[in-house]
Amino acid sequence: YGILNVIFAKIHGKQSVVCFAGNIFNAYKYKQKTWKYYAAKYLNKDLAMLILQHADKLVPFSHRVEQHLLEYGVSAEQVTVAPIPRDYASEKQRPNPPCTDLDLSDEKTNVFFSGTLTARKGVDSFVNILGDEDIRDQYYFIFAGEDVEGYAATLKSFENTSVLGEIPLERVYAYYHCADLYGFPSHSEGFPQVIFEAYVCGIPI
């Protein structure tokens with residue numbers, strides 16, 4: 001849809017501004033290299049390159065994404081970084097939710113993670129430590145998010161985990177408020193909303 005908007009803008013003599021929230025050439029969603037993987041990898045790349053070549057202004061939400069765009073030949077003058085705005089004051093006024101109906105441990109330190117279950121998000125790092133005896137005895141891990149790379153089954157195999165899948169945002173905030181720690185092992189991020197959300201809820205990261 002992005003390239004269509006750019007084309008229509010050109011036809012009508014208007015300037016086009018395209019926003020980028022993440023890696024536009026990423027095919028990580030498809031773990032198995034099926035036709036969907038190659039379609040995402042190559043078709044997305046071709047369309048994205050057309051956008052980069054013809055858009056008047058590119059607005060990434062982080063300096064990491066800005067660097068990514070520059071590596072593909074975009075001029076620095078074409079790019080303006082604009083972090084996603086969030087209202088800290090209103091977010092902090094959210095009422096604290098009850099913790100009684102959440103899947104939490106009464107005996108261990110509860111570590112919460114919210115995000116897609118992918119290697120880029122560092123879920124592999126969780127897998128590497130979950131079998132450790134000291135970790136198992138002291139910590140309970142709660143995972144919320146879409147399983148796009150097949151990690152859910154592995155995470156569920158450990159006795160000190162709860163894998164919730166995708167849950168409503170209000171439920172996510174309940175875990176932010178009620179868990180003891182937020183786990184953030186990402187290998188690469190743009191402007192991670194979870195840092196903001198954890199911050200306003202007062203949970204250590």
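**Group meeting talk: a buried cysteine and what surrounds it**

Let's start with cysteine 201, which is buried, having a relative accessible area of 12%. Buried here means under 20% relative accessible area, exposed means over 50%, and partly exposed is in between, using a 1.4 Å probe and protein chains only.

Before going on, a word about what you're looking at. This is a predicted model, where local features need pLDDT of at least 70 and side-chain atom pairs count only at pLDDT 80 or more, while totals for chains, interfaces and linings use all residues. Residues are numbered from 1 along each chain as its sequence is written, and side-chain values use heavy atoms, with hydrogens and water left out.

The cut-off for a disulfide is a pair of cysteine sulfur atoms within 2.5 Å.

So which cysteines do form a disulfide? Cysteine 99 and cysteine 178 do, with 1.8 Å between their sulfur atoms. A search of the whole structure turns up one disulfide. The link of cysteine 99 and cysteine 178 is left-handed, with -80 degrees about the S-S bond. Cysteine 99 lies in the loop between α4 (88–92) and β3 (109–114), and cysteine 178 lies in helix α8 (residues 169–178), so the pair ties together parts that are 79 residues apart in sequence. As for cover, cysteine 99 is partly exposed at 38% relative accessibility, whereas cysteine 178 is buried at 12%.

Those helix and strand names come from DSSP runs numbered from the N terminus: helices are H or I with at least four residues, strands are E with at least two. In the protein chain that gives nine helices and six strands. Buried residues make up 39% of its 205 residues.

Now for the inside. In soluble globular proteins, nonpolar side chains tend to be buried together. A nonpolar core here is a set of buried Ala, Val, Leu, Ile, Met, Phe, Trp, Tyr and Cys residues joined through side-chain atoms within 4.5 Å. The largest nonpolar core has 34 residues, and the members touching the most others are Phe112, Leu117, Phe143, Leu155, Tyr176 and Tyr182. At least two residues of this core come from each of β3, α5 (123–130), β4 (139–144), α7 (152–156), α8 and α9 (193–201). Which element supplies the largest share? That's α8, with six residues.

Take phenylalanine 112 from that list. Setting aside neighbours within four places in sequence, phenylalanine 112 is in contact (heavy atoms within 4.5 Å) with Ile142, Ala144, Val172, Tyr175, Tyr176, Ala179, Leu181, Tyr182 and Gly183. Apart from this core lies another one, of eleven residues, including Val18, Ala55, Leu69 and Val74.

On to the rings. Rings of Phe, Tyr and Trp (its six-membered ring) pair if their centres lie within 6.5 Å; planes under 30 degrees apart are stacked, over 60 edge-to-face, and the rest tilted. The count comes to eleven aromatic pairs. In one of them, phenylalanine 126 and phenylalanine 143 have ring centres 5.1 Å apart and planes at 85 degrees, so that pair is edge-to-face. Phenylalanine 126 is in helix α5 and phenylalanine 143 in strand β4, so the pair ties together parts 17 residues apart in sequence. Phenylalanine 126 is buried at 7%, and phenylalanine 143 is buried at 1%.

Tyrosine 173 and tyrosine 176 also make an edge-to-face pair, at 5.7 Å centre to centre and 70 degrees between the planes. They are three residues apart in helix α8, about one helical turn. Tyrosine 176 is buried with a relative accessible area of 0%, and tyrosine 173 is buried at 3%. Ring pairs also link Phe112, Tyr173, Tyr175, Tyr176 and Tyr182 into a cluster.

One last stop, helix α3 (residues 63–71). Val65, Glu66, His68 and Leu69 are buried there. Looking down the axis of α3, these buried residues fall within an arc of 160 degrees, so they line one face of the helix; the arc is taken from the directions from the helix axis to the C-beta atoms. On the other side of α3, His63 and Glu71 are exposed. Just after α3 comes glycine 73, with a positive phi of about 90 degrees.
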